[in-house]
Amino acid sequence: MPGQCLHSLSQHSAKVLGVAFSPDGQQLASCGADQTIQLWEVATGAPLQTLVGHDSRVWSVAFSPDGRALASGSTDQTVRLWDVATGKCCPVIKGHSNWVFAVAFSPDGTRLASAAHDHTLRIWDVATGDCLQICEGHQHLVSSLAFSADGGAIATGS
């Protein structure tokens with residue numbers, strides 16, 4: 001029924017700051033001030049695994065288009081890529097000089113964008129973790145971002 005609460009998920013020990021559904025809708029990721037990422041089974045609300053590795057609040061999570069990877073951004077100034085099947089952190093991506101508020105994969109899954117308190121948007125190569133581009137111009141922190149459907153443009157909010 002529309003508008004009905006399906007599950008109340010309460011594994012986090014502090015504020016929940018971000019959520020994302022997997023592309024197939026089978027899993028939900030949540031992240032929070034407790035420095036963790038929780039993966040949940042959508043159908044039952046059962047916790048699947050806890051991802052630990054950030055040293056501070058985790059503000060955002062995003063699944064890759066194929067659902068095999070999860071990206072996270074944190075106040076520890078890093079972006080992390082996680083293998084959803086194993087829960088292992090793949091590369092730790094460093095480059096921002098302040099809190100990372102938002103992450104998003106390009107539609108083809110080859111690039112990852114991150115938005116931060118350092119007033120920048122950065123674009124990363126998912127395979128290598130290399131920074132491909134730094135976009136500047138905002139006068140304040142960049143708190144949100146989204147790729148266009150064809151991956152040719154990125155919108156940011158500040």
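A polar contact is a pair of N or O atoms within 3.5 Å; within protein, one must be able to donate a hydrogen and the other to accept it, and residues adjacent in sequence count only if both atoms are side-chain atoms. With that in hand, let's work through some exercises.

This is a predicted model, in which local features need pLDDT of at least 70 and side-chain atom pairs count only at pLDDT 80 or more, while totals for chains, interfaces and linings use all residues. Residues are numbered from 1 along each chain as its sequence is written, and side-chain values use heavy atoms, with hydrogens and water left out.

**Exercise 1. The surroundings of H12**

Find where H12 lies, and list its side-chain polar contacts.

Step 1. Start with the position: H12 is in the segment before β1 (16–21). Strands (E, at least two residues) and helices (H or I, at least four) are DSSP runs, numbered from the N terminus.

Step 2. Check the accessibility. H12 has a relative accessible area of 12% and is therefore buried. The cut-offs are under 20% for buried and over 50% for exposed, with partly exposed in between (1.4 Å probe, protein chains only).

Step 3. Look for polar partners. The H12 side chain makes a polar contact with the side chain of S30 at 2.7 Å, and another with the side chain of T36 at 3.4 Å.

Step 4. Widen the view to contacts, meaning heavy atoms within 4.5 Å. Leaving aside residues up to four places away in sequence, H12 touches S30, C31, G32, D34, T36 and Q38.

**Exercise 2. Strand β6 and its partners**

Work out which strands pair with β6, and in what sense.

Step 1. Take β5 (residues 58–63): 5 bridges join this strand to β6, and the two run antiparallel. Two strands pair if DSSP finds at least two bridges between them. Within this pairing, A62 stands opposite A71 of β6.

Step 2. Follow the turn. β5 and β6 form a hairpin with 5 residues between them, and G67 in that turn has a positive phi of about 75 degrees.

Step 3. Now try β7 (residues 78–83), which is joined to β6 by 5 bridges and is antiparallel to it. Here D83 is the bridge partner of A69.

Step 4. Finish with burial: 6 of the 6 residues of β6 (residues 69–74) are buried.

**Exercise 3. Salt bridges**

How many salt bridges does the structure hold, and is R68 buried or exposed?

Step 1. Count them: there are 3 salt bridges. Each needs a side-chain nitrogen of Lys or Arg within 4 Å of a carboxyl oxygen of Asp or Glu.

Step 2. Examine R68 and D66, whose side chains meet at 3.0 Å, N to O. R68 is exposed because its relative accessible area is 61%, and D66 counts as partly exposed because its value is 48%.

Step 3. Examine D76 and R80, which meet at 3.9 Å, N to O; D76 and R80 are both buried.

Step 4. Examine R122 and D118, which meet at 3.8 Å, N to O. R122 is buried, and D118 is too.
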